[in-house]
Amino acid sequence: MKPGRGFNGLWWVGLMVIAGGMAFPQENQDRTVRIRVSEYMDRMAGGWIGQMAGVGWGGPTEFQWNGKMIPAEAFPAWKPEMINQFEQDDLYVEMTFLRTLEQYGLNVSARQAGIDFANSRYPLWHANKFGRRNLRAGIAPPDSGHPAFNKHADDIDYQIEADFSGLIAPGMPHVAVALGETFGRLMNYGDGLYGGQFIGAMYSYAFFEKNPEKIVEKALAWIPAESQYAECVRDVLAWYREEPENWEAVWKRINDKYHLNPDYRRFSCGQEDGFNIDAKINGAYVIMGLLYGKGDPDRTIKIATRCGQDSDCNPSSAAGVLFTTFGMSGSPSKFTSALRRDVKFSHTAYDFDTLLVVCEKLARQAVIRGGGQIVRDESGEEAFLIACPDPAPRPVERSWDPAPPAGTRFSAEEMEKITEKESE
């Protein structure tokens, strides 16, 4: 879709986080893109279908091949009923964040987000588990995800859960990145946070860009170039260009540097038996699926899965981004024909259709807060006129050499709102 012309709107030019919430400084510019609301709804629904397809298809292989490629013959066959992934933590955890936004709006504070996450009742692991434990103990964000209190700060957790941030921010990576500052810091820091912000930015761009390589390049510009996560993305892009038809050879290069080299997994869980839950290597496998999938849904999911490690989360993110480029209407029928629309996602108030309604509501808020407008075309159909900022990554932070903790603690009044307590 070509950028809209002639709109002298407001353009977001920097990111500020004030009292744990989001604020969007703005100035007059005329760089905008346009998307009809109906097209946005179709693309956004496609993003959710892609997530469900990826996690459903890759699910049987999760952590069965660590530090190894999954053999082609071990890749499961697809059945249309596998789309109905209503019990998947890879989906319902991020819906906790959507519920917070639905209730409090886009300017919700990280402290309120932390209270809501602390009150979630589902089982959690890694950075999520210890971030929530910190919150329940009174350690407020951003310290709940700080390495001084969370030894899993570079784990994959927010990277798994950040899809929502781009799906409600079409063409607005700045909004997706800002949402990472609110929700990603509940459990992550440094590369663990950047992984989620990168995923969110890719979704944002996928509404207006179909080429996976360009989506990856554009999203990369939103995370600090000096970070190891950015280095990993650059490596995968460079190695793909050297070996555009040989993903297995690039997999080995990724494994050698980001799995076997301890300098690139200094602050994440998992050192034994080939297990690696670090955001970088798993993010590399998301990118592998997108680049080597070359726009084909089956191939994208298969390659992201066959890379191993967290082999349901990674194809879920890769397929979610890809399916956003062509929408639900452009998704192969084998991924949509058996979809149950009357089943709620576990631990949420949302079935599939309710989920889409909530995302549309939040996207409308994001367009306005991100400096755009909601207009009608000559036929009377609504469209989002979206302000497009230049990338503005924050200064780099590293989990193995962090800034001092902020000293954030919940007040007594806030602690009364945390009704779920940590069990032994």
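This is a predicted model: local features need pLDDT of at least 70, side-chain atom pairs count only at pLDDT 80 or more; totals for chains, interfaces and linings use all residues.
Phe 198 belongs to helix α8, which covers residues 191–206. The relative accessible area of Phe 198 is 0%, and this residue is therefore classed as buried, the cut-off being under 20%. A further relation across the sequence is seen with Gly 283, which is 85 residues away along the chain from Phe 198, while the two C-alpha atoms are separated by 9.0 Å.

Helix α8 also contains Gly 196. This glycine counts as buried, at 1% relative accessibility. Apart from neighbours within four places in sequence, Gly 196 is in contact with Tyr 158, Gln 159 and Ala 162. The C-alpha atom of Gly 196 is separated by 10.0 Å from that of Gly 166, a residue 30 positions away along the chain.

Gln 88 is placed in the loop between α1 and α2. With a relative accessible area of 15%, Gln 88 is buried, because the class extends to values under 20%. Val 55 and Asp 312 are the residues touched by Gln 88 when those up to four places away in sequence are not counted.

Helix α14 comprises the 14 residues 313–326. Its span from first to last C-alpha is 21 Å, close to the 20 Å expected at 1.5 Å a residue. The helix is mostly covered, with 14 of its 14 residues buried. Gly 327 follows α14 and has a positive phi, near 80°.

Helix α15 consists of 18 residues, numbered 352–369. The distance from its first C-alpha to its last is 26 Å, close to the expected 26 Å at 1.5 Å a residue. Buried positions in α15 include Phe 352, Leu 355, Leu 356, Val 358 and Cys 359. Glu 360, Leu 362, Ala 363, Ala 366 and Val 367 of this helix are likewise buried.

At the level of the whole protein chain, 16 helices and seven strands are present. The radius of gyration is 20 Å, close to the 22 Å given by the globule rule for 424 residues, so the chain is as compact as a globular protein of that length. The C-alpha trace spans about 60 × 55 × 45 Å along its principal axes. Of the 424 residues, 62% count as buried. Among contacts with a separation of 6 or more, 75% are accounted for by residues 24 or more positions apart.

The chain exposes about 15600 Å², of which carbon and sulfur atoms supply 49%. Its charged side chains comprise 45 positive and 57 negative ones, and the centres of these two sets lie 2 Å apart.

Terms used
Residues are numbered from 1 along each chain as its sequence is written. Side-chain values use heavy atoms; hydrogens and water are left out. Helices (H or I, at least four residues) and strands (E, at least two) are DSSP runs, numbered from the N terminus. The radius of gyration is taken over C-alpha atoms; the globule rule is 2.2 Å times the number of residues to the power 0.38. Buried means under 20% relative accessible area, exposed over 50%, partly exposed in between (1.4 Å probe, protein chains only). Contact means heavy atoms within 4.5 Å. Accessible areas come from the Shrake-Rupley method with a 1.4 Å probe; for residues, only the protein chains shown count as cover. Lys and Arg count as positive and Asp and Glu as negative; His and the chain ends are not counted. The place of a charge is taken as NZ of Lys, CZ of Arg, CG of Asp or CD of Glu. The expected span of a helix is 1.5 Å times one less than its number of residues.
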